[in-house]
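Welcome to this short tour.

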There are 4 protein chains.
Amino acid sequence: MNSVVLVGNLARDPELRFTAGSGKAVATFSLAVNRPFAKEGQQNADFLRIVVFGKSAENCANYLSKGSKVAIQGRIQTGSYETSTGEKRYTTDIVADRVEFLSRVNKENQGGFGQDDFGGGFNNNNNPEGFQALDDDDDDIPF
Amino acid sequence: MNSVVLVGNLARDPELRFTAGSGKAVATFSLAVNRPFAKEGQQNADFLRIVVFGKSAENCANYLSKGSKVAIQGRIQTGSYETSTGEKRYTTDIVADRVEFLSRVNKENQGGFGQDDFGGGFNNNNNPEGFQALDDDDDDIPF
Amino acid sequence: MNSVVLVGNLARDPELRFTAGSGKAVATFSLAVNRPFAKEGQQNADFLRIVVFGKSAENCANYLSKGSKVAIQGRIQTGSYETSTGEKRYTTDIVADRVEFLSRVNKENQGGFGQDDFGGGFNNNNNPEGFQALDDDDDDIPF
Amino acid sequence: MNSVVLVGNLARDPELRFTAGSGKAVATFSLAVNRPFAKEGQQNADFLRIVVFGKSAENCANYLSKGSKVAIQGRIQTGSYETSTGEKRYTTDIVADRVEFLSRVNKENQGGFGQDDFGGGFNNNNNPEGFQALDDDDDDIPF
DNA sequence: TTTT
DNA sequence: TTTT
């Protein structure tokens, strides 16, 4: 059993690539998960490397950017590799089975007024698969 | 082991009461958790009864209302009782250890323009204990 | 987001049925999840109705029985129905995405010496899909 | 929100130390979490560094050893440090809020016949706090 | 007896 | 209507 749930903000824009063999989409990004009880001067967030596959990866690349808030369900995956100088390094990633979008930053308008809450009318489905019904108007009301 | 994580919207305003013995605060509310893959005509959410204790209960009563979005970490608790006619009924509640506020609806202004997103910059601490740093300004940038 | 992880013991043997339309297997059972801090005289477990589909349902029916210990990953699902007298009743089930077998009770030998631990060495795969590699020898070393 | 649940086996005996300031107990160990769908020749487990504090840490040191099976509830914590040559390294630990014992290996008898399942009679509480009612007999029946 |  |  290996189950992880995180809610946090993208620390950087997602990167999208495709596997050599099957051409499957793979998105990676860094997620900042706030530590609610961090004291002044302490590290106040944990930074996790998130890996997403398939259609969900494409949705992440298309709709998320630095600052976007997401909820993630997945599992922890560890690995290792050797540096060019022959040293062993260990990695820890979160492989996401599900990414739920809680806000986004408009990619054309980042740092400006582009961030909207995913409000959505009744029946709104704000997750990557079957993604629709964005709040794309210009007001500041999230739904 | 009994661990639950939910992200959803309050289906009604929280109710606050205090235990007879110690006067400890207890908040209860119904949480609507959307089903991302619900088809047209199907039930599109699960409705869970959430129970919160102590300081966190008071924060829920003060800062949340119908429509607010929260993330909850806790455990499932089952129980039973007898009706006035002697029938046995079973209950299932979620006892929350942690409630993270993802949005709120301003209680004085509900149904209007009162809903703000909880900022969520890396430095922001948007949880009930030590609650602070709301994004209360008038712009539409969440951090 | 709706994620549940439970570790507990089957309170009764699983029941297996098949859906009317597609003939898909559905197993249901009651899981007793111990409350670690229950005081003398208090309820010391929560009892959840677990629903499993497909090949995993068949494995549950074949390898689990009353008393078996399992870890479950899934989601909470609520529903409602009307009694024959027209009263509305509410239900809460756990729909399992994954069932990991931590022990079983031999179905031919229940109540006797049939309970074996599921090994669990690093190479062992003790989950319903691709179920194999039981520790069926007569010693008491689990790997 | 940062919630992790793992079920796995200790890859090594726990190490116990005490904090410099308050003398609080801290246990650390490596947990092997099996990957149920690993193919022949692939890495078949993830190895996580677990950190436990307080009374629970002492129970881990006293009752667990290499091979013991546990369920863990906690959170992911990342950090960084500098090597003696000035390079930055990143760490990822699991800080455990709860450790549930699912089996142990007798510390005096490791590698032999010492591993018993935590069976326990009715009302048994097999978790670190208030730890009791071990199955210490010599037979191979877990309860 | 429901949210978005 | 319960497990260990």
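This is a predicted model. Start where two chains touch: select chain C and chain B, and you will find 21 residues from chain C and 21 residues from chain B in the contact. Now select C:Met1, C:Ile76 and C:Thr78, which together supply 31% of the area that chain C buries against chain B, more than any other three residues.

How much area do chain C and chain B bury between them? The value is about 1700 Å², with 48% of it on carbon and sulfur atoms. The size of an interface is often given as the accessible area lost when the parts come together.

Next, look for charged partners. There are 2 salt bridges between chain C and chain B. To see one of them, select B:Glu87 and C:Arg89, where the closest N and O atoms are 3.8 Å apart. Between chain C and chain B, 12 residue pairs are in polar contact, counting pairs with both residues at pLDDT 80 or more.

Now colour chain C by its elements. Strands S1 (2-10), S4 (45-53), S5 (69-82) and S6 (88-101) of chain C each give two or more residues to the side that touches chain B. The largest share, 6 residues, comes from S1(C). Sorted by class, this side of chain C has 10 nonpolar, 7 polar and 4 charged residues.

For the last stop, select chain A. Trace chain A from the N terminus and you pass β-β-β-β-α-β-β-β-β, that is, 1 helix and 8 strands. Of the 143 residues of chain A, 53% count as buried. The accessible surface of chain A is about 6800 Å², and 46% of that belongs to carbon and sulfur atoms.

Key:
Residues are numbered from 1 along each chain as its sequence is written. Chains are lettered from A and ligands numbered from 1 in the order in which they are written. This is a predicted model: local features need pLDDT of at least 70, side-chain atom pairs count only at pLDDT 80 or more; totals for chains, interfaces and linings use all residues. Side-chain values use heavy atoms; hydrogens and water are left out. Helices (H or I, at least four residues) and strands (E, at least two) are DSSP runs, numbered from the N terminus. Buried means under 20% relative accessible area, exposed over 50%, partly exposed in between (1.4 Å probe, protein chains only). Accessible areas come from the Shrake-Rupley method with a 1.4 Å probe; for residues, only the protein chains shown count as cover. Contact means heavy atoms within 4.5 Å. Buried area is the accessible area (1.4 Å probe) that two parts lose on being put together, summed over both. A salt bridge is a side-chain nitrogen of Lys or Arg within 4 Å of a carboxyl oxygen of Asp or Glu. A polar contact is a pair of N or O atoms within 3.5 Å; within protein, one must be able to donate a hydrogen and the other to accept it, and residues adjacent in sequence count only if both atoms are side-chain atoms. Ala, Val, Leu, Ile, Met, Phe, Trp, Tyr, Cys and Pro count as nonpolar, Asp, Glu, Lys and Arg as charged, and the others, Gly among them, as polar.
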